[in-house]
Each structure stands twice: as C-alpha cells, then as structure tokens.
Amino acid sequence: MERLQYNYLFPEISAREAQHVKKYPNAKVISLGIGDTTEPLPDVVALSMANYAHGLATPTGYRGYGAEQGSKELRKAIAETFYKDMGIQDTEVFVSDGAQCDISRLQAYIDSSVIIGQTGDVETESGRYQNIEYMKCGPQNSFFPDLSKTALTDIIFFCSRITLLVAIEVSSFSKIAGFTGVRLGWTVVPKELMYSNGFPVINDFNRIVCTCFNGASRIAQAGGLASLSKEGFKAVISLVDYYKENAEILLETFKSLGLRAYGGVNAPYLWVHFPGSNSWDVFNEILEKTHIITVPGSGFGPAGKEFIRVTAFGHRENILEASDRLTTLLK
Ligand SMILES: Cc1ncc(COP(=O)(O)O)c(C=O)c1O
C-alpha cells in the first residue's frame, strides 16, 4: 500500500478544514464537500426502526443473525422498486451496509491490485498509475466513455446514473433515503454475468458476502423496507426533490457567473470547470476567501484536475448563503 500516492481524499479535506477553522475560529464554514445528507428522516422510516429496535427487547421480537444476503422481503422490495422492468430477481440483490463497503469488498476479492497498490508506480507528471487504464470521460462525451474503445481490463469501475444491462451495480440508501449514518446499501449481480470460462460471477459474490459480511443490521433493514413502502417512498422522494432544488440553485449560480457546471440534474453533485486551473488551487482559494469547503476534482483522477465538485446536500439557508458568497468571489 506504500505505493499509493495520497491518503484517501476526504480525510485530507477534513484536515484542511480543521486547519482553516484554527486560522479563522469565528468563520462560519459551509461544507459543499463530502456530500453528507442533512435533512431529517421521514417519521415513517424512523418509527419503523424504533419499533424494530424495541421489539428486540421482547422475547417474541428478538432476532439474532439474519441471512448474509439480507432479508428476503427487503431484497424483493429493492428488486421491485428499482429494477421492475429489467427482470432482476430478489435473489440477484445483496443487501449491504453501504456502497463503499461493497466496492471495497469487490476490490479486495475480485481484483485487489488497486486497493493494495499493485498497479505500479504513479507517474508524477500525469498523476496516473502505470497499470490502470483511465477511461476518457469529459464534457465532450457527456462523461460516458466509449466502452468499445476501452482496452481490455480485469475489472471496470464506472460511476453513472445510467444502468448498464449486464454489470454489477453497487447502490445505496445513503443519498436517496438519508441513510448515510444508518448504513444500508445493496449490490445487484445479474445471473447472466459470467467469467470468460462460463462460471457465474454471482456465485463468487455470494461467497464474498458470506465470508466477510454477516448481513446488514436488522434495524437498518427495517428502515430500508419502510422507506420503500408506499408512504415511505413518497416521503423519500420529497426529500430528494428538496436536494434537487438545492442543485438547481447552485447550477444557476455558476451559470450566472459564466462558469460551466456539469451534473446537478437528477444528481446531487455538480462539477464546475475552471479551465487551465489546478483544482487544489481553486479549492484553497474558495476556502480561504469564502469559508466554503468544496472537493478538488483531481482527487477523483487526473481528468478532474480542472474541476471542483460541490454537493447539493445541505440546509437550504446554507446553500443560499454559499451561493451569495461564491457570487461575490467569482463575479
Ligand atoms: C456518489 C456516492 N455514492 C456512494 C457513496 C458511498 O455510499 P455509502 O454511504 O453507501 O457507503 C458516496 C460517498 O462516499 C458517494 O459520494
């Protein structure tokens, strides 16, 4: 792991925020950084978790370990809510404790070369690791690479709201239902997905889950199920709408300043382009002059070096305040 260049991005940003707060103890720092949800959970969701937890204190309600893959009811609800027209079965849905954990499990078991730093040395000039194929993703191709032109690799990691038909999809309740602290996610592994020798990937994934995970918290799963109920889902969607309005405010702000911003439509993040600039310099200048935390795009790979990422998760008053401060700095 020594070969990995930097610490993970977000602890580095937190360290810079801590330094900033020390320097300006009276500043009101606004975080448009990591993208943590801010609005309270719907009552129906919180109550279902509270009731489940309370049931655990009774002889009839007590339960121990559950299925490693998650409760059948929740797997079914996920398949029906998100993959209805795609023929995904509940048995292809694996409930997890969040997307980050499943992405790590995938890296650790299916191809550990990136996570343990076996992808060669980093080239200082380009910031690229020797044995990683970087897919071309930018405004020119709407951030969607031409997979047919991508060199053959062992594994492709790709973040998109467009669902690919036969691929492993890692998803989460974190952003859609405000579960960043509750911890619940899922991964879909379609049965059709095979290795080149015809062995089904789902068998391996099942094994990974059973080996290094003992199932998501039953309390979190009760909340997940409630958030997919008719009433719960309606409440969850109105939370999502709130964040979407935040994103619109930010998009308008950057547009009015003559900057190009991407994303922010059906997505909680915006990528703002500062042509010719270095994203850490932009990050530092915005923090120093407006007390706003953003995320330097280079933290996501060399293609991000002229971008900063801002999140639309936040209380409305903070988003409006951030918009005013950015307008003053950048106009
Ligand atoms: C877009 C996006 N998806 C997923 C995650 C992680 O999700 P989870 O909280 O489920 O681990 C993050 C943050 O780490 C994220 O920014």
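Begin by selecting Gly35, Gly98, Ala99, Gln100, Ser172, Ser174, Thr180 and Gly185, which surround the ligand, a residue being near a molecule if its C-beta atom, placed from the backbone, lies within 6 Å of it. By class, this shell has one nonpolar, seven polar and no charged residues, where Ala, Val, Leu, Ile, Met, Phe, Trp, Tyr, Cys and Pro count as nonpolar, Asp, Glu, Lys and Arg as charged, and the others, Gly among them, as polar.

The model on your screen is predicted, and local features need pLDDT of at least 70, side-chain atom pairs count only at pLDDT 80 or more, while totals for chains, interfaces and linings use all residues. Residues are numbered from 1 along each chain as its sequence is written.

Next, select strand 2 (residues 93–96), from which Val93 and Val95 point one way and Phe94 and Ser96 the other way, all of them buried. Here a residue is buried if 20 or more other C-beta atoms lie within 10 Å of its own, exposed if 12 or fewer, and partly exposed in between, with C-beta atoms placed from the backbone. Helices (H or I, at least four residues) and strands (E, at least two) are DSSP runs, numbered from the N terminus.

Now move to the open sheet of four strands, whose order is 7-8-11-10 with antiparallel pairing, two strands being paired if DSSP finds at least two bridges between them. Its edge strands, strand 7 (260–263) and strand 10 (295–296), each pair on one side only. Strand 8 (residues 269–273) and strand 11 (residues 307–311) run antiparallel and are joined by five bridges, and Leu270 has Val310 as its bridge partner in strand 11.

Axes are lines fitted to C-alpha atoms, for helices over the stretch in contact, and angles run from 0 to 180 degrees between N-to-C directions; contact requires that the C-beta atoms of two residues, placed from the backbone, lie within 7 Å. Helix 9 (residues 279–290) also packs on the sheet, where it touches strand 10 and strand 11, and its direction makes about 50° with that of strand 11.

Finish at Lys331, in the segment after helix 10 (316–330), which counts as exposed because it has 8 C-beta neighbours inside 10 Å.
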